[in-house]
Amino acid sequence: MENNDAPQKEPTTAKAGKGRRVGIIVAAIAITAVVTAGATAVLANVIERMSEARDPYTKVVDLDDTVADPAVWGQNFPSQYESYLRTSEMTPTVFGGSHAEERTATETDPRTIVSTSRLEEDPRLKDMWAGYPFSVDYRHARGHAYMLEDQRYTLRVLDFNQPGTCLNCHASTVTLMNDLGDGDRQAGFEKMNQMAYVDVTQLAEHPVACIDCHDPATMELRITRPAFEKGISAYMATQGVEDYDVNRDATRQEMRSFVCGQCHVEYYFEKESKELIFPWTKGLDIDEIWDYYLEDGHRDFEHATTGAQVVKAQHPEFDIFWSNSIHAANGVSCADCHMPYEAEGARKVTNHHIQSPLLNVNASCMTCHNATEEEMTERVVGIQDQFIGTRDRAFDSLVNLIRDLEVAQTDGTDETTLNAAREFQNKASFYLDYVYSENSYGFHAPAYIQRILADSLDASRKGQLVLQGTDPASLEASEVTIANRERAEQR
């Protein structure tokens, strides 16, 4: 007889379904726990990184305008200081940079390593600068770490009496000027300029460093060189901006170029006061600077073999970049390429290595350009190759004019003719020197620099024609040329 009271077995499928439900619940709980833990960790990391970003440095020492030693600043800013120390590296690029050369130390020059001589690489420089200290010693620039040492021991200083003005761009001068002026930096600047270099250099301890570009209280970029303050104010006046105060009116992005423009510029020393002056009262274009010199009458030296009164160009990287480069026109600063940002944790840190962008193409160029590093490098080197080709033609033409002048002085050519040819030599020399001494090898503003070299070539050609008997008045620009120039200026 069937027993209806016996326990009934649960179907196997029902048990399996129930087990899966339990497993799913357990898995969901586990996943939720993992996700929650992960989210908590991410949130904690984000909060930590946000805290890092809000507190960009740890204050270890107090800084003010009496602290010039970059090592002291480095205690608060170790990352920036570490990269700044790398300016001691000598790394050549395709055309520029420093090639190390060993030498034997002497009593007057203790250096055992220097960079190679430009004069030995290109003897035409001696012809261009004959009678000027640069014809005696001119080497490739080493990194910023060496700027003071290399200036102290160049023959341009050891064999010639130079003013303290030279120190403006090679030493950390904020504390020096403040001390010389009893707290008045302008007064100290004027006093430093008038002192002999051999004396004032003893008061300088460091090459250009942190204090020269940063406010020690806020770390904001600032201009510390009176010559740039005055020069940029004069330039802004040509742009219709009156009463321009660079430390008050410049944007931070502008400052990322302006601090470089304190030194990397065309300049001259006023004859009597030795004041450092930027010739920008007419503008930054080379033709405007040339007109300034013609009006002012400034000349740097008398050429040793031709007697021409010549203006020596300096290193106008800022002038060329700021006035005519496509990069500046698009808001790019000097620092964007030569001191690019780097990521350090959550922080964005400026690399203070200060080097050629070709040595750091990925950080310097690839943030804007959609190309490979190889393509970018080839593009830059191609521009530099074109520059050197045109520069060589201008150089050869200038040397030919100098040779013709040397001969003309001995074959009875009248002084009126000689002086006219000498003026063409002055212009050809200045325009060529302007782009030779500018250290981008034509890259900062390729079309503009080619135009400058064309003007140098033209001046050499006209000088030779004058020596052959051509009336200088007949060499003036044609009406068509003048009309085209005016139309370009109006645009």
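A: First, the naming: helices (H or I, at least four residues) and strands (E, at least two) are DSSP runs, numbered from the N terminus. The model is predicted, so local features need pLDDT of at least 70 and side-chain atom pairs pLDDT 80 or more, while totals for chains, interfaces and linings use all residues. Residues are numbered from 1 along each chain as its sequence is written, and side-chain values use heavy atoms, without hydrogens or water.

The setting comes first. The protein chain has 22 helices and eight strands. Of its 491 residues, 44% are buried. Buried means under 20% relative accessible area, exposed means over 50%, and partly exposed lies in between (1.4 Å probe, protein chains only).

Now the salt bridges. Side chains of opposite charge can pair when their charged atoms come close. Here the rule is a side-chain nitrogen of Lys or Arg within 4 Å of a carboxyl oxygen of Asp or Glu. The count comes to 31.

Take E295 and K282. Their closest N and O atoms are 3.0 Å apart. E295 sits in helix α14 (residues 286-296) and K282 in the loop between β4 (276-277) and α14, so the bridge ties together parts 13 residues apart in sequence. E295 is exposed at 65%. K282 is partly exposed at 34%.

R451 has two partners described here. One is D285, with closest N and O atoms 3.1 Å apart. This pair links distant parts of the chain: D285 is in the loop between β4 and α14, R451 is in helix α21, and 166 residues separate them. D285 is buried, at 17% relative accessible area. R451 is partly exposed, at 31%.

The other partner is D287, again at 3.1 Å, N to O. D287 belongs to helix α14 and R451 to helix α21, so the bridge ties together parts 164 residues apart. D287 is partly exposed at 29%. Elsewhere, salt bridges with shared partners join R103, D109, R111, R142, E149 and D150 into one network.

E438 is a charged residue without such a bridge. It lies in the loop between α20 (415-436) and α21 (446-467). E438 is buried, and the nearest side chain of opposite charge, R391, is 9.5 Å away. For that search, Lys and Arg count as positive and Asp and Glu as negative; His and the chain ends are not counted. The E438 side chain does make a polar contact of 2.8 Å with that of S440. A polar contact is a pair of N or O atoms within 3.5 Å; within protein, one must be able to donate a hydrogen and the other to accept it, and residues adjacent in sequence count only if both atoms are side-chain atoms. Contact in general means heavy atoms within 4.5 Å. Beyond four places in sequence, E438 touches P316, E317, I320, H444 and I449.

H353 is in the loop between β8 (347-350) and α18 (361-364). It is buried, at 5%. Its side chain reaches the backbone oxygen of R86 at 2.9 Å.

M219 has about 70° and is buried at 16%. D243 is near 55° and is exposed at 62%.

Last, V136. It is in the loop between α5 (124-128) and α6 (147-153). V136 is partly exposed, at 38%.
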